[in-house]
Amino acid sequence: MERILYFDLETKRAAEEVGGWNNIEDMGMSVGVIWDSFDKQHHVYLDYQAPQLLEHCRKADLIVGFNHVEFDYRVLAGECAGQQEQRTRLRTELAGLPNLDLSLIHISEPTRLLSIAYSVL
C-alpha cells in the first residue's frame, strides 16, 4: 500500500516580521499537520516537534501539499537546521522526496471550466 501524506503547516510570523519573503526560513513553524493514508489519522506537530514531523515525511511514498515544496519545506528547514548550509541541504532533501505540490492553477482551472459551462447553459 502506498503511503500518502497530506501536509500543511502554519507559521509563527508573517513575512513582514522577518524582513520579507526572502527570509521564509525565519518565519518559524507554529504547527504542522499530516494526514497519513497508512494509519488514516491526523498527526499534529507543534514547533518543538519539527524534527519528528521531518522524520514522518521521510517515511512517505508521496507527500501532497499546497505550495509545500517552495514554502512549507523552507519553514521546516529553518525550524530543524541552524546554519544556512544545513537549511539548504535539508530543503534539497525534502524537495527530492516524491511530492505532489498543488498550486492555485490546480484549484482555479476547474473553477474556471465550471463557470464557462454554467454560462453556456
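A: Let us begin with pairing: two strands pair if DSSP finds at least two bridges between them. Helices (H or I, at least four residues) and strands (E, at least two) are DSSP runs, numbered from the N terminus. In this structure, β2 and β3 run antiparallel and are joined by six bridges. This is a predicted model, in which local features need pLDDT of at least 70 and side-chain atom pairs count only at pLDDT 80 or more, while totals for chains, interfaces and linings use all residues. Residues are numbered from 1 along each chain as its sequence is written, and side-chain values use heavy atoms, with hydrogens and water left out.

Q: Which residue stands opposite Val 33, and how many residues lie between the strands of the hairpin of β2 and β3?

A: Val 33 faces Val 44 in β3. The hairpin has four residues between its strands, and Lys 40 takes a positive phi near 55° there.

Q: How many helices and strands does the protein have, and what pattern do they follow along the sequence?

A: The protein contains four helices and five strands. Read along the sequence, they follow the pattern β-β-β-α-β-α-α-β-α.

Q: What is the order of the strands in the sheet?

A: The sheet is open, has five strands and shows mixed pairing, in the order β3-β2-β1-β4-β5. Its edge strands are β3 (41-46) and β5 (99-102), each of which pairs on one side only. From one strand to the next, the twist averages 20°.

Q: In which sense do β1 and β4 pair?

A: Strand β1 (residues 4-11) pairs with strand β4 (residues 62-66) in the parallel sense, over three bridges. Within this pair of strands, Ile 4 stands opposite Leu 62 in β4.

Q: Where do helices α1 and α2 lie in relation to the strands?

A: Two conventions are needed for this. Contact means heavy atoms within 4.5 Å. Axes are lines fitted to C-alpha atoms, for helices over the stretch in contact, and angles run from 0 to 180 degrees between N-to-C directions. Helix α1 (residues 50-58) lies across β1, β2 (29-36), β3 and β4, and it runs at about 30° to β2. Helix α2 (residues 68-80) packs on the sheet, where it touches β1, β2, β4 and β5; its direction makes about 65° with that of β1.

Q: How far apart are the end C-alpha atoms of α2?

A: The expected span of a helix is 1.5 Å times one less than its number of residues. For α2, with 13 residues, a straight helix would reach 18 Å at 1.5 Å a residue, but the end C-alpha atoms are only 16 Å apart.

Q: Is α2 mostly covered or mostly uncovered?

A: Buried means under 20% relative accessible area, exposed means over 50%, and partly exposed lies in between (1.4 Å probe, protein chains only). By this rule α2 is mostly covered, with 10 of its 13 residues buried. Among them are Phe 71, Tyr 73 and Leu 76. The buried residues of α2 pack against β1, β2, α1, β4, α3 (84-95) and β5. In the protein as a whole, 36% of the 121 residues count as buried.

Q: How many salt bridges are there?

A: Side chains of opposite charge can pair when their charged atoms come close. A salt bridge is a side-chain nitrogen of Lys or Arg within 4 Å of a carboxyl oxygen of Asp or Glu. The count by this rule is eight. One of these joins Asp 36 and Arg 3 (2.7 Å, N to O). This pair links distant parts of the chain, with Asp 36 in strand β2 and Arg 3 in the segment before β1, 33 residues apart. Asp 36 counts as buried at 0% relative accessibility, and Arg 3 counts as buried at 16%.

Q: Where do Lys 12 and Asp 47 lie?

A: Their side chains meet in a salt bridge (2.8 Å, N to O). Lys 12 lies in the loop between β1 and β2 and Asp 47 in the loop between β3 and α1, so the pair ties together parts that are 35 residues apart in sequence. Lys 12 is partly exposed, with a relative accessible area of 41%, and Asp 47 is partly exposed at 24% relative accessibility.

Q: How many residues apart are Glu 55 and Arg 58 in helix α1?

A: An α-helix has 3.6 residues a turn, so residues three or four places apart point the same way. Glu 55 and Arg 58 both lie in helix α1, three residues apart, about one turn of the helix. They form a salt bridge whose closest N and O atoms are 2.4 Å apart.
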